[in-house]
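Trainee: I have a structure on screen and I am new to reading one. Could you take me through it feature by feature?

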Amino acid sequence: MSQVEKKAGLLRRTSSSKKPLKEKVVLMYDEIFAKEDPAKNNPRFWDELFLMKVNLEYLESKLESVNGEEVQRIQDNINSLFHHCVQALGEEHQIKVVNALQTLCALFRGVHQKNKSASGFDIINMLMGFDKAEQRMKDLMERLDSLLCGDSSESLKSLCLKLLLCLVTVTDNISQNTILEYVMINSIFEAILQILSDPSSRGQHGYDSVVLLALLVNYRKYESVNPYIVKLSIVDDEPTLDGMGVVLHQALTEYNRQYKDKEEENQGGFFSTLTSMVGSMFIADVDEKLSVQTNEAILLALYEAVHLNRNFITVLAQLPLDPNLQTSNLLITFLKYASIVMQDTKDEHRLNSARLCLIILTCIAEDQYADAFLHDDNINFRVSLHKMPMRHRKKTPGKNIPSRPLVCAVLDLMVEFIVTHMMKDFPMDLYLRCVQIIHKLLCYQKKCRIRLHYTWRELWSALINLLKFLLSNETALLAKHNIFYLALLVVNLFNMFITYGDTFLPTSNSYDELYYEIVRMHQVFDNLYCMVLRVSTNTGQWKEAASKVTHALVNIRAIVNHFNPKIESYAAVNHISQLSEEQVLEVVRSNYDTLTLKLQDGLDQFERYSEQPKEAAFFKELVRSISLNVRKNVSLNSLSQDVLLKEFSTIS
């Protein structure tokens with residue numbers, strides 16, 4: 001039996017010699033795929049068709065099985081089916097509307113599946129006829145818009161959004177989907193906003209709406225003017241922005257909850273006991289078990305909102321409208337989400353998620369309003385970030401976390417990443433982003449003279465350990481990465497603290513501690529200097545990059561060369577073999593006045609984030625991956641005819 005026949009609605013076998021009977025709707029589909037006009041002998045053909053329960057599988061497989069010559073032969077009938085589907089969307093009889101929506105989805109999917117190599121124009125021609133396409137798509141978009149904005153049933157609205165998601169994701173590369181030109185011209189942006197601003201419809205359709213919006217924003221975003229980008233960037237209506245925030249917040253909260261449940265599941269019971277008995281043999285299995293599928297679609301929606309709309313930054317900061325989420329806000333929930341996905345970056349989806357989290361944090365760190373909120377001493381939160389289990393540190397319970405300005409949680413997240421990802425498969429791109437986010441936050445603190453009470457020593461220690469790692473793995477890393485650029489950024493963070501630390505470190509004691517750390521770990525800086533001097537004096541591809549680090553180390557070397565002899569002298573005079581921290585700090589404090597440092601320019605300058613051209617390739621691949629995932633998960637059969645009949649039983 002052929003694939004198409006298998007998918008046909010087979011009713012019953014009366015005897016082994018007779019062919020199985022096909023259900024009525026399948027016979028009607030067969031008429032559409034015949035050369036004749038199906039309405040020629042039956043004027044009520046189209047009316048009757050939309051009263052029948054759709055057989056999606058059969059219709060899609062029939063479309064996929066049509067060859068080139070047959071397409072020409074039946075194109076008028078396919079065009080007619082498309083036209084009558086659009087007309088049926090205006091019917092009062094809701095079952096007809098449902099069947100028309102499902103049929104349209106089968107048409108979009110079936111035609112694209114069959115003609116993957118065909119041009120967008122050929123597909124448009126096959127579906128609706130090129131000369132009539134503009135009018136057909138205008139009618140379709142207007143009807144979908146009125147169904148979404150009107151008082152139709154929730155199931156119908158859900159089906160409209162699923163049809164739109166189906167249409168947007170039929171091609172792997174969204175920008176090659178020429179039909180979307182009509183979705184640009186006949187915008188449904190306002191309908192999406194209406195759903196997001198209304199608490200009731202947002203609860204049921206918010207998720208599909210923000211995913212749809214995120215995808216539409218990415219249609220040919222670098223090639224032409226995309227009206228969805230323009231409109232999203234100027235939304236200033238508070239209920240709408242808040243609504244979008246609520247949807248994103250709920251989706252991220254749900255992810256965090258699922259992860260926490262899995263974590264708790266793994267901490268109790270037999271599996272945990274067995275693991276502790278036999279040591280680390282099962283650690284990989286635990287990690288496997290803990291992985292919850294990442295949600296890049298929601299992250300993309302959050303990114304587009306933060307990146308395109310300045311007004312959305314206020315939504316990140318405020319407490320949510322939902323009473324169940326009152327202890328947190330969107331930014332805190334996002335930081336917790338980031339702390340989960342940034343733990344394990346070996347899998348491609350998690351690597352993409354971690355990268356997108358850092359891009360979002362980069363946009364936040366550059367925004368003046370966001371920085372003001374992050375550093376506000378009157379708005380403190382306890383943020384319990386997830387930390388990777390490591391053998392050399394104890395797990396700290398969340399109860400001990402102090403209430404602090406939110407910037408402390410961002411810095412904690414950056415420090416945690418730096419400490420936990422020094423590995424053979426080094427995620428250079430993520431490290432660069434981390435260090436740049438820290439730099440942007442320091443620039444704001446320096447500019448506004450904000451003395452943040454933070455455990456700066458943890459950051460300094462993490463950065464010195466990172467330099468130590470780069471030195472130990474120089475050969476292996478240089479085969480893949482320019483480690484000198486990362487080293488330069490790290491050294492310049494220290495230069496920021498040395499040059500301007502007196503304006504933003506919380507106390508003079510903190511400034512003394514900075515010098516203590518530099519002197520205590522001087523061997524790392526000495527080794528770095530030897531390495532960059534060696535590379536910069538040889539001819540090679542890294543000569544210039546290494547020489548920049550040599551120049552950047554001038555003040556750190558001056559500090560080491562100034563204080564080390566003083567400390568040795570103090571130890572000799574006082575006959576002490578090993579000085580305590582307090583004694584070293586005493587030497588540092590009493591010898592500042594004879595220290596000479598060079599003023600370095602541009603330490604508090606940074607290049608602002610720009611998506612194009614640097615990130616364009618990343619977003620193109622990310623949107624492709626999200627598109628495939630959405631396509632796979634758009635289920636039109638989830639609305640069974642029985643449920644819909646029950647819902648519409650009051651409608652005549």
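**Reading the model, step by step**

Mentor: Start at the end of a helix. Helix α7 is followed by Gly129, and the phi of Gly129 is positive, near 85 degrees. Keep in mind throughout that this is a predicted model.

Trainee: Which residues of helix α7 are buried?

Mentor: First the general idea. An α-helix has 3.6 residues a turn, so residues three or four places apart point the same way. Now the case. Helix α7 covers residues 120-128, and its buried residues are Gly120, Ile123, Ile124, Met126, Leu127 and Met128. Seen down the axis of α7, these buried residues fall within an arc of 165 degrees, so they line one face of the helix.

Trainee: Let me step back. How many helices and strands are there in the protein?

Mentor: The protein has 33 helices and two strands. Of its 652 residues, 55% are buried. Then look at contacts between residues at least 6 apart in sequence: 76% of them join residues at least 24 apart.

Trainee: Now pairs of helices. How do I describe them?

Mentor: Two packed helices are described by the angle between their axes and the distance between the axes. The crossing of α4 past α6 is right-handed.

Trainee: Which residues make the contact of α4 with α6?

Mentor: From α4 come Leu56, Leu59, Glu60, Leu63 and Glu64. The α6 side includes Gln102, Thr103, Ala106, Leu107 and Arg109. By class, the contact of α4 with α6 has six nonpolar, four polar and four charged residues.

Trainee: Are α27 and α30 roughly parallel or roughly perpendicular?

Mentor: Read the angle. The axes of helix α27 (residues 508-520) and α30 come within 9 Å and cross at roughly 85 degrees. The two helices are therefore roughly perpendicular to each other. Tyr515, Ile518 and Val519 in α27 meet Ile556, Ile559, Val560, Phe563, Asn564 and Ile567 in α30. Those residues divide into eight nonpolar, one polar and no charged.

Trainee: At what angle do the axes of α28 and α30 cross?

Mentor: Helix α28 (residues 522-537) and helix α30 (residues 554-573) have axes that come within 10 Å and cross at roughly 130 degrees. That makes α28 oblique to α30. Here the crossing is left-handed. The α28 side of the contact is His522, Phe525, Asp526 and Tyr529, and the α30 side is Ile556, Arg557, Val560 and Asn564. The classes are four nonpolar, two polar and two charged.

Trainee: Which residues does Ile498 touch?

Mentor: Ile498 sits in helix α26, residues 483-504. At 3% relative accessibility, Ile498 counts as buried. Not counting residues up to four places away in sequence, Ile498 touches Tyr511, Leu514, Tyr515, Ile518, Ile556, Ile559 and Leu597. Tyr515 and Ile518 belong to α27, and Ile556 and Ile559 to α30. Also, Ile498 and Asn555 are 57 residues apart in sequence and 8.1 Å apart in space, C-alpha to C-alpha.

Trainee: What should I look for in the backbone?

Mentor: Exceptions. Most residues other than glycine have a negative phi, and most peptide bonds are trans. Arg449 is not a glycine, but its phi is positive, about 50 degrees. Arg449 lies in the loop between α23 and α24. With a relative accessible area of 58%, Arg449 is exposed.

Trainee: Is His575 buried or exposed?

Mentor: His575 counts as exposed, at 73% relative accessibility. His575 lies in the loop between α30 and α31, and has a positive phi of about 55 degrees.

Trainee: Which residues does a cis peptide bond join?

Mentor: Gln612 and Pro613, with omega about 5 degrees. Pro613 is in the loop between α31 and α32.

Terms used
Residues are numbered from 1 along each chain as its sequence is written. This is a predicted model: local features need pLDDT of at least 70, side-chain atom pairs count only at pLDDT 80 or more; totals for chains, interfaces and linings use all residues. Side-chain values use heavy atoms; hydrogens and water are left out. Axes are lines fitted to C-alpha atoms, for helices over the stretch in contact, and angles run from 0 to 180 degrees between N-to-C directions. Helices (H or I, at least four residues) and strands (E, at least two) are DSSP runs, numbered from the N terminus. Angles under 35 degrees count as roughly parallel, over 145 as roughly antiparallel, 65 to 115 as roughly perpendicular and the rest as oblique. A crossing is left-handed if the near helix is turned anticlockwise from the far one by less than a right angle, and right-handed if clockwise. Contact means heavy atoms within 4.5 Å. Ala, Val, Leu, Ile, Met, Phe, Trp, Tyr, Cys and Pro count as nonpolar, Asp, Glu, Lys and Arg as charged, and the others, Gly among them, as polar. Buried means under 20% relative accessible area, exposed over 50%, partly exposed in between (1.4 Å probe, protein chains only). The arc is that of the directions from the helix axis to the C-beta atoms.
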